[in-house]
Amino acid sequence: MSKTFLIDVTRCTACRGCQVACKEWQGFAANKTTQIGWGSHQNPPDLNPKNFKIVRFQEHKIGDTVTWNFMSDQCRHCLQPPCKDMADGYMQGAVVFDEATGAVVYTDKAKQLPKEAFDEMKSACPYDIPRRDDATGIINKCDMCYERVAAGLIPMCAKACPTSAITFGDREKMLEEAKKRLAVVKKDYPEAQLIDAEEVRVIYLITDKPEFYHKNLVAQGPAGISRMAALAKMTAPLKRSVRNLLG
Ligand code: SF4
Ligand code: SF4
């Protein structure tokens with residue numbers, strides 16, 4: 001049965017337990033990084049091949065009110081992932097659906113994809129998620145901890161979250177839970193909304209404008225595909241034909 005996350009920002013304290021737990025589970029080494037400042041404790045500054053999860057921080061001042069917005073960012077495991085469409089054009093099996101969970105998984109084959117395939121995958125992703133390690137050629141992102149889920153466990157980030165801001169379960173149940181929670185939150189925050197719930201397996205419940213959390217919190221462009229992605233999609237077959245002709 002396919003799975004889904006609900007990430008409820010009203011419960012997030014930005015402790016970054018999810019971020020650290022993800023690194024631990026994946027066995028990733030620490031990044032060399034520095035404090036980036038500007039009213040933010042976001043660190044490292046962005047997703048990278050050793051951070052499948054990052055807690056994004058933004059500070060906003062409207063009149064006399066200051067808000068601090070947190071968002072635990074990761075791959076949304078799109079129901080129709082544009083990154084997979086792009087990868088399939090180069091090599092079948094580099095990006096697959098995990099049947100048990102619906103997770104979008106980058107396999108070992110993704111390592112054989114050329115840099116330009118990665119560029120197309122990244123520009124196609126409506127949430128700007130895929131990252132590539134230039135030293136090894138490995139293209140990666142969150143895999144929904146699908147091996148843990150297959151073993152009857154929940155993803156490491158959901159397990160580590162001390163406030164239940166990140167919850168995980170069967171899709172139908174989580175969609176129902178998301179709607180129930182939204183109804184509760186709306187009493188205090190009338191602008192609260194669920195983000196792209198019908199398109200993705202990671203649903204955010206937010207209370208402020210989406211851009212207050214991150215520019216890519218909402219899919220860029222209609223139908224979950226950005227203008228850049230649409231353009232890349234149109235030109236990809238042409239680029240491949242030219243490549244084949246040139247040998
Ligand atoms: S969020 Fe981006 S990387 Fe994740 S499945 Fe969707 S298109 Fe692919
Ligand atoms: S599901 Fe697993 S891989 Fe994905 S962000 Fe959470 S801990 Fe990391």
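A residue counts as near a molecule when one of its heavy atoms lies within 4 Å of it. Keep that rule in mind for the two ligand stops.

This is a predicted model, where local features need pLDDT of at least 70 and side-chain atom pairs count only at pLDDT 80 or more, while totals for chains, interfaces and linings use all residues. Residues are numbered from 1 along each chain as its sequence is written, chains are lettered from A and ligands numbered from 1 in the order in which they are written, and side-chain values use heavy atoms, with hydrogens and water left out.

**Stop 1**

Helices (H or I, at least four residues) and strands (E, at least two) are DSSP runs, numbered from the N terminus.

**Stop 2: ligand 1**

Move to ligand 1. It has 15 residues around it, the closest being Cys-75, Arg-76, Cys-78, Cys-83 and Cys-125. Helix H2 (82–90) and strand E5 (104–106) each give two or more residues to this shell. Its classes are 12 nonpolar, 1 polar and 2 charged.

**Stop 3: aromatic rings**

The whole structure holds 5 aromatic pairs. The ring centres of Phe-28 and Phe-52 are 4.9 Å apart and the planes stand at 75 degrees, so this pair is edge-to-face. Rings of Phe, Tyr and Trp (its six-membered ring) pair if their centres lie within 6.5 Å; planes under 30 degrees apart are stacked, over 60 edge-to-face, and the rest tilted. Both partners sit in the loop between H1 and strand E2 (54–62), 24 residues apart.

Phe-52 is buried, at 8% relative accessible area, whereas Phe-28 is partly exposed at 22%. Buried means under 20%, exposed over 50%, and partly exposed in between (1.4 Å probe, protein chains only).

Next, select Phe-57, Trp-68 and Phe-70. Ring pairs link these three into a cluster.

**Stop 4: charges over rings**

Show Arg-148 with Trp-25. Arg-148 lies over the face of Trp-25, 4.7 Å from the ring centre. Then show Lys-141 with Tyr-106: Lys-141 lies over that ring's face, at 5.0 Å from the centre. The test asks for NZ of Lys or CZ of Arg within 6 Å of the ring centre and within 35 degrees of the ring normal.

**Stop 5: the largest pocket**

Keep Tyr-106 selected. What lies nearest the centre of the largest pocket? Tyr-106, Thr-107, Asp-108, Asn-140 and Asp-143 do, among 17 lining residues. H1, E5, strand E7 (139–140) and helix H4 (146–150) each give two or more residues to the lining. The pocket's volume is about 370 Å³, and its lining has 9 nonpolar, 3 polar and 5 charged residues.

On a 1 Å grid over the protein atoms alone, a pocket is an open set of points with protein on both sides within 12 Å along at least five of seven lines; a cavity is a set where a 1.4 Å probe fits but cannot get out, and lining residues have an atom within 4 Å of a point. Points are joined across faces, edges and corners, and a volume is the space filled by probe spheres set on them.

**Stop 6: cavities**

The structure has 4 cavities of 30 Å³ or more. Select Cys-12, Cys-15, Cys-18, Cys-161 and Ala-165, the closest to its centre of 15 lining residues. The lining divides into 10 nonpolar, 4 polar and 1 charged.

**Stop 7: backbone details**

Select Ser-164, in the loop between H5 and strand E8 (166–170). Its phi is near 60 degrees, positive in a residue other than glycine. Ser-164 is partly exposed at 38%.

Asp-128 also has a positive phi, about 55 degrees, and is not a glycine. Find Asp-128 in the loop between helix H3 (115–124) and strand E6 (131–132). Asp-128 is buried at 17%.

Finish at Pro-44, in the loop between H1 and E2. A cis peptide bond joins Asn-43 and Pro-44, with omega about 0 degrees.

Technical notes. Ala, Val, Leu, Ile, Met, Phe, Trp, Tyr, Cys and Pro count as nonpolar, Asp, Glu, Lys and Arg as charged, and the others, Gly among them, as polar.
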